[in-house]
Amino acid sequence: MRNHDYAEDYEEKKPGMIREILGFLVYVAVVVGITFFIITFIGQRTYVSGSSMESTLSHGDNLIVDKLTYRFADPKRYDIIVFPFRYEENTYYIKRIIGLPGETVQIQDGSIYIDGEVLNESYGREVMKSAGLAADPIELKEDEYFVLGDNRNDSTDSREPNVGVIHRDEIIGRAWVRIWPLDKIGVLKHQ
């Protein structure tokens, strides 16, 4: 009689166990799906490597990149953006937008000129020594942006031929929140 009871108990538990396993698999699939959606369309974590954005961002800073805003609005001057480096897979640059579509950018004697007017900005860490490509006027097309690192003399940016102007569809998102180091946690100022 005991063996018979055990068999009944086992048969009763089997569908419950299968239901639990299926429930767990559905749960894992939903978590993976939500994570994929967030990383693809809303935001993702990125790591700052190098000093090209000093003193705004430092080597080792961890950021959350906002990938949603630019689906509804255009990038603005001084936004800190993330975009892929064209010549190296899985390498991303983080720079500040200086020139907007339709504008002409030129750098002379360390000053940035937008449409012939000096751009009064305080993000540059020091006076630029090299104008690079921007020694001559650069006319931005309707989907192009000119970007610079805040540490202008130690930054590979739109002044360099291997970076050049950034097209709208290359922009992954806008640096939004610094999450590491703990003493610098907070929303980044863009304007």
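Colleague: Which residue does R152 meet in a salt bridge?
Modeller: This is a predicted model. R152 lies in the loop between β9 and β10, and its partner lies in the loop between β7 (117-118) and β8 (138-139), so the pair ties together parts 31 residues apart in sequence. The two side chains meet at 3.0 Å, N to O. The partner of R152 is E121.

Colleague: Is R152 buried or exposed?
Modeller: Buried means under 20% relative accessible area. R152 has 3% relative accessibility. R152 therefore counts as buried.

Colleague: What class does E121 fall into, by relative accessibility?
Modeller: The partly exposed class lies between the buried limit of 20% and the exposed limit of 50%. E121 has 22% relative accessibility. So E121 counts as partly exposed.

Colleague: Which residue forms a salt bridge with D150?
Modeller: D150 sits in the loop between β9 (144-148) and β10, and the partner sits in strand β4, 54 residues apart. The side chains meet at 2.8 Å, N to O. That partner is R96.

Colleague: What is the relative accessible area of R96, and how does D150 count?
Modeller: The limit for buried is under 20% relative accessible area. D150, at 0% relative accessibility, counts as buried. R96 is buried too, and its relative accessible area is 0%.

Colleague: Where does E170 lie, the partner of R86?
Modeller: The side chains of R86 and E170 meet in a salt bridge of 3.0 Å, N to O. The pair links distant parts of the chain, 84 residues apart. R86 is in the loop between β3 (80-84) and β4 (92-99). E170 is in the loop between β10 (166-167) and β11 (173-180).

Colleague: How many salt bridges does the structure hold?
Modeller: Among them are R152 with E121, D150 with R96, and R86 with E170. The count for the structure is eight.

Colleague: What is the area of the nonpolar surface patch that includes I18?
Modeller: I18 is found in helix α1 (residues 2-42). Patch residues need over 30% relative accessible area, and I18, at 44%, counts as partly exposed. Other patch members include M17, F24, Y27 and V32. The patch area is about 970 Å².

Key:
Residues are numbered from 1 along each chain as its sequence is written. This is a predicted model: local features need pLDDT of at least 70, side-chain atom pairs count only at pLDDT 80 or more; totals for chains, interfaces and linings use all residues. Side-chain values use heavy atoms; hydrogens and water are left out. Patches are made of residues with over 30% relative accessible area and no salt bridge: like charges are joined within 9 Å, nonpolar side chains (Val, Leu, Ile, Met, Phe, Trp, Tyr) within 5 Å. Accessible areas come from the Shrake-Rupley method with a 1.4 Å probe; for residues, only the protein chains shown count as cover. A salt bridge is a side-chain nitrogen of Lys or Arg within 4 Å of a carboxyl oxygen of Asp or Glu. Helices (H or I, at least four residues) and strands (E, at least two) are DSSP runs, numbered from the N terminus. Buried means under 20% relative accessible area, exposed over 50%, partly exposed in between (1.4 Å probe, protein chains only).
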